[in-house]
Amino acid sequence: MSRTASRLVLAAAALLLGLGVLTAAVVAMREPFALNDYAAIWGLKARALSRSLSLDSLFRVDPDGAFSHPEYPPLWPLLLAGASSAVRRYDDLAVTPLWPALTLSASLLAVRAARSMRVAAPLALLAGAAVSLLPYWRRYPGYAEGLLVVFVLGALAQLWRFDEESGAGVRIAIFLTLAAWTKPEGLVAALAAAVVLVFARRAGAALLVALLAVLFAAAPWALVVSRLAPKRPPTDFALSSFSVASLAGALGALASEAAPHVGWAAAAALLLALAPATRRARRPVLAWCGLYAGMLIGSFVFTRLSPAWHVRWSWDRLAFIPIAVLLPVLAEALAECVGGKASPRLFEDLPRRPLPRLLPL
């Protein structure tokens, strides 16, 4: 890649990143957090917290747990309530700037992750722009996955620092513990990371991730729910609902819903197929994406709802996290295809030193 081409790619990526953040902001401002799960779950809880300043309020707004999912962790509603405190009352419009802020944060963390893989700035910025342009940001303003992806990408950006910084494992564990405080899928992300770290011969980091996520997020919140909820909240999943037929129905619905997007999946697979060095170096991150997705898909065997309905209204939000994690890897694969791993021009803005042993998620 020539110097001129690099500058053109850098300019285009910066423009696309700005466009992604701007359109996320416009959508949030045109539709101040008010849609579906925001109104029924996140905004409802945030408003209750803002008025009462008590965790009890999370359960009083919906004592039967019919729609507000009181078992969901409270970090996102707490942030919403805190952001709205500046106007001394909860205002959906006042908290909408959080949405482009999350979009930008996730994008910059994707850039940082790509740079940690020694991808040159133009292609790393392109990965960040791709994250900002994911449809999620314009389809689900106010939902909790926007915060969740920031924590997961934050952990990803630290995973290549094991051989350089002794505190990398601690930071990974903290990011994933915060993810577990955001949504149940955050706990899944942490456990999947722990499994991958074990196979990557980072048993200490794996144990730390698992312990912090369980002992400082999942277990404390489960105790709060058991103490404050008027009765045991109904959940979308239950061990007693185990059914292989539910999994089969979920897989069929997933295939139907994802079919229009098969071209993007094929393009990503082709790019990885053309980049064997990237595949070898990033085997753990690919394993994490597969394990995380497999755990979420497998959970539908326990769904209490109609599997087809459940998949239809959740599949794209569930897929958002592994897709965002995969984008920095695709940037590295593109770098390999464009200039090869040893291209001096492709890496001309990076220090000349041997690559450390890489341990992506």
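The sections below treat salt bridges, aromatic pairs, spaces and backbone angles in turn.

The structure is a predicted model, in which local features need pLDDT of at least 70 and side-chain atom pairs count only at pLDDT 80 or more, whereas totals for chains, interfaces and linings use all residues. Residues are numbered from 1 along each chain as its sequence is written, and side-chain values use heavy atoms, with hydrogens and water left out.

**Salt bridges**

A salt bridge is a side-chain nitrogen of Lys or Arg within 4 Å of a carboxyl oxygen of Asp or Glu. By this rule the model has nine salt bridges.

| Pair | Closest N and O atoms |
|---|---|
| R317 and D37 | 3.8 Å |
| D316 and R139 | 3.2 Å |
| E145 and K183 | 2.9 Å |

Helices (H or I, at least four residues) are DSSP runs, numbered from the N terminus. R317 forms its salt bridge with D37. R317 lies in helix α17 and D37 in helix α2 (residues 36–52), so this pair ties together parts that are 280 residues apart in sequence. For accessibility, buried means under 20% relative accessible area, exposed over 50%, and partly exposed in between, with a 1.4 Å probe and protein chains only. R317 counts as buried at 10% relative accessibility, while D37, at 23%, counts as partly exposed.

A second salt bridge joins D316 to R139. This pair also links distant parts of the chain, with D316 in helix α17 and R139 in helix α7, 177 residues apart. D316 is buried, with a relative accessible area of 15%, and R139 is partly exposed at 44% relative accessibility.

The salt bridge of E145 with K183 connects helix α8 (residues 145–158), which holds E145, to the loop between α9 (168–180) and α10 (184–199), which holds K183; the two parts are 38 residues apart in sequence. E145 is buried at 2% relative accessibility, and K183 is buried with a relative accessible area of 3%. Salt bridges that share partners join D37, E145, K183, E185 and R317 into one network.

**Aromatic pairs**

A pair of aromatic rings is described by the distance of the centres and the angle of the planes. Rings of Phe, Tyr and Trp (its six-membered ring) pair if their centres lie within 6.5 Å; planes under 30 degrees apart count as stacked, over 60 as edge-to-face and the rest as tilted. The structure holds 13 aromatic pairs. In one of them, the ring centres of Y136 and F320 are 4.2 Å apart and the planes are at 15°, so the pair is stacked.

Y136 and F320 form one aromatic cluster together with W99, W137, Y140 and Y143. The charged end of R317 sits over the ring of Y140, 5.7 Å from its centre; such a charge is NZ of Lys or CZ of Arg within 6 Å of the ring centre and within 35 degrees of the ring normal.

**Cavity and pocket**

On a 1 Å grid over the protein atoms alone, a cavity is a set of points where a 1.4 Å probe fits but cannot get out, and a pocket is an open set with protein on both sides within 12 Å along at least five of seven lines; lining residues have an atom within 4 Å of a point. Grid points are joined across faces, edges and corners, and a volume is the space filled by probe spheres set on the points.

A search of the whole structure finds one cavity of 30 Å³ or more. The largest cavity has a volume of about 30 Å³, and its lining includes F59, D62 and K231. For residue classes, Ala, Val, Leu, Ile, Met, Phe, Trp, Tyr, Cys and Pro count as nonpolar, Asp, Glu, Lys and Arg as charged, and the others, Gly among them, as polar. The cavity lining has six nonpolar, one polar and two charged residues.

The second largest pocket has a volume of about 1500 Å³. Its lining comprises 40 residues, of which L134, H261, W264, A265 and I323 lie nearest the centre. Helix α17 gives the most to this lining, with twelve residues. By class, the lining of the second largest pocket has 36 nonpolar, two polar and two charged residues.

**Backbone angles**

L53, a residue other than glycine, has a positive phi near 55°. L53 is placed in the loop between α2 and α3 (57–60) and counts as exposed at 76% relative accessibility. R118 likewise has a positive phi, of about 65°, although it is not a glycine. R118 lies in the loop between α5 (98–116) and α6 and counts as buried at 11% relative accessibility.
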